[in-house]
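Please open the model in your viewer and colour it by confidence before making any selection. The stops below go from the whole chain to a sheet and then to a single side chain.

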Amino acid sequence: MMKTLRLLAILACMAIPATGFCFKFADRINETLRYSQPATQWLEALPIGNSHLGAMVYGGTDVERIQLNEETFWSGSPHNNDSKEAKAYLKQVRDSIFAGKEEAAASLIDKHFIPGPHGMKYLTLGDVRIDFDEKSAPTDYKRRLSLVKAVSTTTYNKGDVRYTHVTFASMDKNAIIVRITASKKGALAFKLNHQCEFQTRHQVENHCLIAEIDGVDHEGIKAGLKAECRILVKSDGQVSDAADQVQVSDATEATLYIVAATNYVNYHDISGNATERNLQSLASVTGTPYKKLLANHLRKYQEQYTRVCLELGEGNKENMTDTDKRVASFAGSQDMDLVKLMFQYGRYLLICSSQPGGQPANLQGVWNNSANAPWDSKYTININAEMNYWIADVGNIGETQMPLFDMIRDLSVTGKKTAQDMYGCRGWVAHHNTDLWRIAGVVDGAPWGMFPNGGAWLATHIWQHYLFTGDKAFLREWYPIMKGAADFYLDYMQVHPQYGWLVVVPSVSPEHGPMGKRTPVTAGCTMDNQIVFDALNNTLLAAGILGEDAAYQSQLRKTIAQLPPMQIGRHGQLQEWLQDGDDPRDQHRHISHLYGLYPSNQISPYSHPDLFTAAANTLNQRGDMATGWSLGWKINFWARMLDGDHAFKIISNMLHLLPNDRAARQYPDGRTYPNLFDAHPPFQIDGNFGFAAGVAEMLLQSHDGAVHLLPALPSAWQKGSVSGLRARGGFEVSVAWNNGHLTTATVKSTIGGTLRLRSYVPLKGKGLREAKGACSNALLQAPEIKSPLKSAELKDFSVLPLRKVYEYDIDTKAGKTYVFTGNP
């Protein structure tokens, strides 16, 4: 055990860069989830993963349970869900909406636009169970998940024997490794088996337990996938095989190599061979010593994870309290290390569930223990899938987005057929949900599914990644997909007969309708207009950078000019719809019309303080409690409002313990499970990612014409530091502060160019000059937004006061680092 821990510590130290902020290994020991008892339920188990495989480790002493997932094991088979009737009824639907008969339009949509199926479901591989012979009560039990190492460790005593379980999903190899040791020679004995609720066939060959698991039909789509899982056992003891289990006895150590695969190749090809894939994966690990497997895993994982370090307060304090107890007692406490832990947990989960060559993180990342996951654990693309990736660029793990980009590419193909078949439009479209098979049609029903903006919203991630990197080769590769999203709108939008603006119709503001209407189905809601603006404007800017067709650029400009402006309603709110239909007492979880505040950058305190004030009024009207994912969004909203104390209030609301889903009535405000998974409830991983993005947004913003240092620092974080965050323009930023004021900032320029800094305190540094005029760096520039319309009934509307800021420019060179000091 001591050798293993020493190896982990040495390798972690080697992987952490020394940049002068907070990167010593000893300072990061508190980035660990800790428990003093085994998990009794899935929401207490600890997640590990390498994108392809996911596992939940229970840390059992009588029976160790490891629940498994493989990212491509879904129900169904290749298909599409496009309606063949929609095009014929599209005009009638539009005419009904324009006539104020939205319910009639919704009925037509339900009948003619949604043939089903409604998306396939993400499946479980079942459980690996390690049944130990020794059943006596354990003492000195410890269960840990180190975020710095991506390693789960369980230790306990039984009698005079110390047992240790070390489990990790290798980021270097396509396998999960379980190492079990006993401190006394020959004291380890167990039986290994596998259980799954799906039809499964087991066999054992040469100490390898093989499980072949059948996929399932779903909503009329036949199963096309089968999964195979192999668990190979190596030990210094006696190993014997039975029909469906492997037995180990008289051992001091044993290593399990777990691999899994399906026959999935891509969304239209299921001709793969799971057995061949598994044999290749096993061959790549079984000949490598355990210590080297662990070392290679740490090297590859830590290359991503250790790029960012956060300290809130003094730091370097190891909190030995169980993590779930810390969550339960967080309210009113000074446990800022829990905030740091939750921030890094979001980065950890994305690294573990989304790597190049794999599938994107779904509604539960890569973890699911149910045959019927909530909402099928699909990709919900009217907020949730997008939220999964908000932390990627700013959190310096940009490569985790490659699976998302790959899915967008797939959808640009399937969605092209959907756009043509359902609406007679060019370009491509995806609605509010998709799955492994890249469906792009409408699902569930009009209130949820009639959202033709999911694909365009996803495509904004391409443009944002370009802004963070300045990579023109990347932009050129992905420009056709951005253009396809814009082309769809050029054909799909219609002139509104009452207002004369071009609007998206039919559509919905996700899951929410105006007062006086019994359906969300509408034309030109605010979120529509904001997403369309981004789709067209981003494409226009990209076309200019790449030297694309001038006539096309002119068409985009003319279309943008015909979009509706944002509007401020009679309650001082940002209107959610063209009509002033907001209810100030409605605290609905979706605040979709603030997309323009975050993740977009259409609402600025500096260029449009009236829109900024209206957004604040909307947020206050919607309240500070919501579902877990909605709280994740609200942290980001309040960070963009430059209100760190309010953002921290939302953080505090999120860090309320929910012991399990059955306790939801007893804990109505519970939004975090014992293992720190986010609670909608039930579990949705988007809230974890939204939390991490929100914390980053409180510390660094770069969307509004400058790199804003510590834009929304709460009073609870008087002292701290953060290093390694990424800003648009290709800058890597580290900041330290004391007494709530910036003391030092270090900026590395990866591509060169003008850096504009914004700060609440004056800055000093070689080469700094006072900023004048608009920022010359196009990667930092904010868009030009129309002035809002205001309700004639609006009274007593005063714009919010803003803190004084200091702005500076400095010309940077690629690869150079620049240091600045604050002067409060």
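In this predicted model, the mean pLDDT (the predictor's confidence in each residue, from 0 to 100) is 95, and 96% of the residues reach 70 or more. Select residues 1-20 next: the pLDDT there is below 50, yet beyond near neighbours in sequence this stretch has 27 contacts (heavy atoms within 4.5 Å) in the model. Local features need pLDDT of at least 70 and side-chain atom pairs count only at pLDDT 80 or more, whereas totals for chains, interfaces and linings use all residues. Residues are numbered from 1 along each chain as its sequence is written, and side-chain values use heavy atoms, with hydrogens and water left out.

Now select the open sheet of 9 strands, whose order is β1-β6-β7-β8-β9-β16-β13-β12-β11 with antiparallel pairing; strands are DSSP runs of E of at least two residues, helices runs of H or I of at least four, numbered from the N terminus, and two strands pair if DSSP finds at least two bridges between them. At its edges lie β1 (32-35) and β11 (200-205), each pairing on one side only.

Within the sheet, β6 (residues 139-146) and β7 (residues 151-158) pair in the antiparallel sense over 6 bridges, and Thr139 stands opposite Asn157 in β7.

Finally, move to Asn538 in helix α14 (residues 526-546), which counts as buried (under 20% relative accessible area, 1.4 Å probe, protein chains only) because its relative accessibility is 7%. Not counting residues up to four places away in sequence, Asn538 touches Thr460, Trp463, Met482 and Phe533.

Definitions and conventions. Buried means under 20% relative accessible area, exposed over 50%, partly exposed in between (1.4 Å probe, protein chains only).
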